[in-house]
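Hi,

Here is the structure I promised to pass on to you. Have a look at it first, and then read on for what I found.

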Amino acid sequence: MRKQWLLLVCLIWAGTGIAQAIENLTVSASTADHSKFEVLQQPFATGPEVTAVCLGCHTEAAQQIHQSIHWTWEYKHFTTGQTLGKKHVPNVFCGSLKSNYPRCTSCHIGYGWEDKNFDFNQEQNVDCLVCHDTTGTYLKTEADAGHPAYDDIIDALGAHKIENLRPVKKVNLTQVAQQVGKTSRATCGSCHFFGGGGDGVKHGDLDSSLIAPDRALDVHMDAEGLNFSCATCHTTDAHQTAGSRYAAQAKDTHGIDVPGSSHGGRASCESCHGHTPHPFQFNGKLNQHVEKIACQTCHIPAFARGGVPTTTFWDWSKATTKMNRDEEGNLRLNAQGKPQILFEYDDNGWLTYASHKGDFKHEVDVQPEYYWFDGTVEYTLLDDEINPEERVSVNKIRGSYNDEISRIWPFKRMVGAQPYDKITRRLLATNVYGPNTDSALWSNFDWVKALEVGQADAVATGAATELFSGEYGFVKNEMYWPITHMVAPKEEALACHECHSSNGRLQHLSGFYLPGRDTTPWLDKFGWLAVLATLLSVAGHGGLRMLLAWRGK
Amino acid sequence: MKTMIYKRFERFWHWSQALLIILLLITGFEIHGSFVLLGFEAAVNSHVVFAVALIALWVFAIFWHATTGEWRHYIPTTEKLAAMVRYYAFGIFKQEPNPYKKSLSAKHNPLQRLAYLAFKLAISPAIWLSGMLYLSYPYWSTLGLEGLSLGAVAFMHTAAAFAMLVFLIAHVYLAFTGKPFYAYVKAMITGYEDTKGG
């Protein structure tokens, strides 16, 4: 008995000893200090030059990246058979990659995807630094096909131009290369926080407030607390990242991932919290909800909670309708002789109109919309016929109460209007970007030319079969973005009545009985009538008794 | 003469059942969405506690009825049934005496027998069966009950709850029709009542 106690004490002592040792480590936790590598002690003129050196040691890295969605921007959906990925899908924001390469591919994990002829087999064109930078100085400029700033860009006021909240300064590639390290919220966020052309525009649950969030914004990423990086959950193996918006895991049935039972990474709440995440309750109601309710539904009561507004409405039909004009009504022109853009803002300073993009609505602290979701997302692709009389779901989320894999998930539902072809009845790709072209909408404000060039590229790359007919209109659209980040502290989780009440958050979901929301109206009517009749009867009977008793006295 | 007509367990059973049923009605109709009082979560949690307590109480009560032979008090009879109906419809207003006199061997009048029998054989089983199904909803597939619909179970539970509420109102009123008006209630508290012969 004494021996066992001794053993236990020794084990505890040994355990705390290891933790202490790691905490007191005076050297880097990594086994390599890249600043000591001679090959990195040289000036680099371009990103690909750095990559060539990286590949000297990390011989398989580029090929791994080449097989990742970060590189291919392509995803073959196993259920729908659709070919998705940013390379192919339209969206309700800037529309599509087609013909807008250098602007969109500023967030490609590579260098030089300037047009449809990009060589996807070129190893040197993989961008290692955008993910592995630890200095915060590596910035891919917004329209150079993924290249970082090789020169300072100075704006009209003489200061460094600001892109994605950072000054565009010539990147010291040698310094960045010598200090590479693990990915971070800042490196992943350098693209994922700025999707759709600006901070927080696209997702709503991903924006720059997550670079250093507090506990109230995200319990896991809390910089002063757990301090999770993106990769803590989006685990990677051979540069393949866990977690997908095209084929989400609406319900992770595998439970906690431990060695020997790790199913495709940790990108689900269940990976760590398991199937019974709540403490024991005598009626077990919270844990029973796990079956039909995604964790996110209760634990993310609102998104865009970090103060950064997210775009919730974008109406392209208003683009070009209001221009920047002088007193005589003539267009104001910029240095290149192109029309200047008129911007309008609301009282919060949030954009409400831009000549080149149309009408906007922005919101913070947005309450999600809730839908049954089985993980499958189906797109309306550029060669899918649409009904212009109805709102087009650019992506549709599948799911139902009646299957085993669906759960109720929170979504950002983005709405607006986008161009379509009146003759072919299909969504159109617009050439929005191209400051020196005569077709790009954002420079020339001519829809016909912009649609001709955009759609031509869509046809040339096989995304569409029909060229632009010449007749365009605008169709109302919607798009669904699953909400899974900005997990609030448990004190902020939704209370039962948020859904279990009439006019609650799940008011519009049908096909199942929700206690507190649903009733059988005629039964209620009949039941209360019976109660009222009984009350009146006893009141009448009792009243008469009292009256007669009183008169009898 | 004074006779102990309601035994100690019977009184304990009656009053604790009364309390639990009232609490279950309040929390139940809140869960149903009829009003907001405790909040949905507290209403659900307490409803489950009260329900489990009532089930336990009934297990004891059934055992008691079976072993003491008290169940015989609920056998329906037509004897004096018409007289009782007439009494409640007319006689009671004219200060006529109640045609029924309690005895140890028959402590409920024929109308009471019928009402309590309906309570025990119809309302209660309906509310229990539907309630236990409602509670076990997450395990339906394990129990082989996939075919059930929660809406149908909730309908039955709600309908039975309305019947229970109607019973409760009538029962409470009739409890105050003794002479003096509180005589029956007092008997149910003390256990003693004047009986014929004895």
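Predicted model: local features only at pLDDT ≥ 70, side-chain atom pairs only at ≥ 80, totals over all residues.

Together β15(A) and β16(A) form a hairpin, with four residues between them. In the turn, A:Arg425 has a positive phi of about 55°.

- Strand β17 (residues 472-482) of chain A runs antiparallel to β15(A), and 11 bridges join the two. Within this pairing, A:Val415 faces A:Glu478 of β17(A).
- Strand β11 (residues 369-373) of chain A is also antiparallel to β15(A), with five bridges joining them. Here A:Phe373 has A:Arg407 of β15(A) as its bridge partner.
- Strand β7 (residues 310-315) of chain A pairs with β15(A) in the parallel sense, over three bridges. A:Trp314 is bridged to A:Gly416 in β15(A).

How much of strand β15 of chain A is buried? The strand spans residues 407-421 and is mostly covered, as 12 of its 15 residues are buried.

If you open the model, I would begin at the hairpin of β15(A) and β16(A) and then look across to β17(A), which is joined to β15(A) by 11 bridges.

Best wishes

Key: Residues numbered from 1 in each chain as written. Chains lettered and ligands numbered in written order. Buried ≥ 20, exposed ≤ 12 C-beta atoms within 10 Å, placed from the backbone. Pairing = 2+ DSSP bridges.
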